Amino acid sequence: MINFRSMKLGDLDSIYQDKELRPLITVNPKGQKFAVVIEEDGQILGGATGYVENNSALLQCIIIKNLEQKRLY
């Protein structure tokens, strides 16, 4: 089952070490940052990061790691 959840501090190392996922945490936010990860069976498949401006959430980076997985969603 696929889960969307807030990024945790413990996720940072594994995301940074993965070249495909690294942009999720290295993009500079233009405001108050938010981050969610997409995981299945405890494995991070992707995520989205962005920032909050007034009452809006703006996306800066969306990643889904593998092409086969992209077709499923």
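**Surroundings of E39 and overall form of the chain**

Apart from neighbours within four places in sequence, E39 is in contact (heavy atoms within 4.5 Å) with M1, I2, N3, R5, I44 and L45. The model is predicted, so local features need pLDDT of at least 70 and side-chain atom pairs count only at pLDDT 80 or more, while totals for chains, interfaces and linings use all residues. Residues are numbered from 1 along each chain as its sequence is written, and side-chain values use heavy atoms, with hydrogens and water left out.

E39 belongs to strand β2, which spans residues 32-40. Its relative accessible area is 13%, so E39 is buried (under 20%; exposed is over 50% and partly exposed in between, with a 1.4 Å probe and protein chains only). The side chains of E39 and R5 make a polar contact at 3.1 Å. Such a contact is a pair of N or O atoms within 3.5 Å, and within protein one must be able to donate a hydrogen and the other to accept it; residues adjacent in sequence count only if both atoms are side-chain atoms.

The protein chain has three helices and four strands, in the order β-α-α-β-β-β-α from the N terminus. Helices (H or I, at least four residues) and strands (E, at least two) are DSSP runs, numbered from the N terminus. Of the 73 residues, 30% count as buried. Among contacts between residues at least 6 apart in sequence, 43% join residues at least 24 apart. Along the principal axes, the C-alpha atoms fill a box of roughly 35 × 25 × 20 Å.
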